[in-house]
Amino acid sequence: MQKLEAPKQMRKERTSPLLPVTAIVAARNEARNLPRCLESLRDVGEVYVIDSQSTDATAQIAESYGAHVVQFHYQGGWPKKREWAMESLPLAHDWVFLVDADEALTPELAREVLAAIQNPNCDGYYIALRMYFLGRELRHSGAAFEKLSLFRRGKGRYECRLREQDASMADMEVHEHVVVEGKTAKLQHPLLHHNVESLSHYIRKHDEYSNWDARVWLEGEAGSRELAPSLFGSQAQRRRWLRRKFFAIPGSPLLFFFYKYIFHLGFLDGIPGLIYCGLQGIQFFHIKAKIYELKTQAPRHGRE
């Protein structure tokens, strides 16, 4: 179980929000990104920043923008940060909008969201990400992502791909995806995603992600029944299918780099594209190395 602290109250109440949704922003040491994110959410009806005892000014910045600040104390297992927030917090609105601290809502997307939530026949919406890496928009490099970020409260939840987890695997959902009960659609305007402005921060985060990935892939996707790898499924399912195929190939980290850099034209994204594709291949190598480590540790642990 996680420890629930009372959210700090907003400094000013909105009586008639422009966008009647609840935004949930997961954060840890995001003082560099958070102002841009929260500035873009000023007209959102309710904003929760779910912090993980940041050692920088994350909490203070969130309070200055009038957000509810809740400290999340992860003790392993499931749920993780965003699913816990959806299950535990008294959300004020009927629609939930999941936003990362390095993302920003545009006015065009805000207007589209406002229109979309009036549709009684749709329960969730996929939103594309416009990726920025080291200050440059990545138009290639296989960096076209979409997420089911907007959905009716009570209709969406995160899939659980690995129930036995610990703090070394990050305290928020890594590559788990939201599953919605009901009809979904896709919005046209993207969220702005400033993927990295500090390589050190990026590398630290992805080291935790690779710990989680290694455990998931070692267990053979046992927890992916709802979004099983499939060439003809959603984007998340197609990516899982592709990664599974790559894992079976010797030298796959290098091949994955060339897949991103050559096949997906990452070279057209300049030096940021080269670095991004290189780090993607390195991430793949880290996952495979950690899978090997877990396999070699298993017999030793069994003898103890």
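Me: What does serine 149 touch, not counting residues up to four places away in sequence?
Reply: Serine 149 touches Val96, Phe97, Leu98, Tyr125 and Ile127. Contact means heavy atoms within 4.5 Å. This is a predicted model, where local features need pLDDT of at least 70 and side-chain atom pairs count only at pLDDT 80 or more, while totals for chains, interfaces and linings use all residues. Residues are numbered from 1 along each chain as its sequence is written, and side-chain values use heavy atoms, leaving out hydrogens and water.

Me: What makes serine 149 count as buried?
Reply: Its relative accessibility is 2%. Buried means under 20% relative accessible area, exposed over 50%, and partly exposed in between (1.4 Å probe, protein chains only). So serine 149 counts as buried.

Me: Where does serine 149 lie?
Reply: In strand S9, residues 145–152. Strands (E, at least two residues) and helices (H or I, at least four) are DSSP runs, numbered from the N terminus.

Me: Which members of the largest nonpolar core touch the most other members?
Reply: Val21, Val25, Leu41, Phe97, Leu105 and Leu150, out of 34 residues. A nonpolar core is a set of buried Ala, Val, Leu, Ile, Met, Phe, Trp, Tyr and Cys residues, joined through side-chain atoms within 4.5 Å.

Me: Which element gives the most to this core?
Reply: S2, with five residues. Valine 25 touches Leu41, Val47, Val49 and Val99, among others. A second, separate core has 20 residues, including Ile24, Phe72, Ala85 and Leu89.

Me: Why can we say that the buried residues of H7 line one face of the helix?
Reply: The buried residues of helix H7 (252–263) are Ser252, Pro253, Phe256, Phe257, Lys260 and Tyr261. Seen down the axis, they fall within an arc of 165 degrees, so they line one face. The arc is that of the directions from the helix axis to the C-beta atoms.

Me: Which exposed residues does the face of H7 turned away from its buried side carry?
Reply: Leu254 and Phe263.

Me: Which lining residues lie nearest the centre of the second largest pocket?
Reply: Glu30, Arg32, Asn33, Ser198 and His201, out of 14. On a 1 Å grid over the protein atoms alone, a pocket is an open set of points where a 1.4 Å probe fits, with protein on both sides within 12 Å along at least five of seven lines. Lining residues have an atom within 4 Å of a point. Strand S13 (191–196) and helix H5 (199–218) each give two or more residues to this lining.
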